[in-house]
Amino acid sequence: MQYPIIHDGRRIGVLETRREGAYTRFEARCAFLPGVRRLFLYGGGRSAPLGIPQPEGGALVLRRRFSRAAMRAFPAPIEYAGFEEKTQTAAPPEALRAEKKTADAEPFYLTEEGVRYLALPCALRRAAPGARVRELDGRRWLLFRC
């Protein structure tokens, strides 16, 4: 199935979904927009975050797979995707609550020794096993390899 990606009232890309066994694969491709933005799914008066697309070949691209259980969190039926959260029906996951506490800090991409990372602001009370945490400009950031 294909769904439009809408931004500022314009169609800027397409979101494709397809079944892969017990999983559903989402692949989004849209025009490049500056900054780090979260892509949301909309439908039935609800919204749910899908993920953060990465720059690839002059466009923004997102590829994700979700299990049947994870798909229950998404609106049904899906109508379109976009970058602004318009409705919120449930409390955000813990990771998003921590990010919103430091909302003045914007996520960004960081390249270090030829490796590209997505840096998200974090407010950890204790060390998270396996998490890569860096302090930059007096702030703590979680780094995810892209």
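Predicted model: local features only at pLDDT ≥ 70, side-chain atom pairs only at ≥ 80, totals over all residues.
Tyr109 sits in strand E9, which covers residues 108–112.

Now show what surrounds Tyr109. Leaving aside residues up to four places away in sequence, Tyr109 touches Val36, Ile52, Pro53, Gln54, Pro55, Arg116, Tyr117, Leu118 and Cys146. Pick Val36 from that list. Val36 lies 73 residues from Tyr109 along the chain, yet their C-alpha atoms are separated by 7.9 Å.

Next, colour the open sheet. How many strands form it? There are 8, and they run in the order E5-E4-E8-E1-E2-E3-E7-E6. The pairing is mixed. Go to the edges: strand E5 (46–51) and strand E6 (54–56). Each has a single partner strand, so one side of each is left without a neighbour in the sheet. Look along the sheet for its twist, which averages 30° from one strand to the next.

Move to strand E1, residues 2–7. E1 pairs with E2 in the antiparallel sense, over 6 bridges. Select Pro4 and look across: Val14 in E2 stands opposite.

Stay on E2, residues 10–20, and select Thr17. Thr17 counts as buried, because its relative accessibility is 13% and the cut-off for buried is under 20%. Which residues does Thr17 touch, not counting those up to four places away in sequence? They are Met1, Tyr3, Thr24, Arg25 and Phe26.

Technical notes: Residues numbered from 1 in each chain as written. Heavy atoms only, no water. Helix = DSSP H or I, 4+ residues; strand = E, 2+ residues; numbered from the N terminus. Contact = heavy atoms within 4.5 Å. Buried < 20%, exposed > 50% of the residue type's maximum accessible area, 1.4 Å probe, protein only. Pairing = 2+ DSSP bridges. Axes fitted to C-alpha atoms, helices over the stretch in contact; angles between N-to-C directions.
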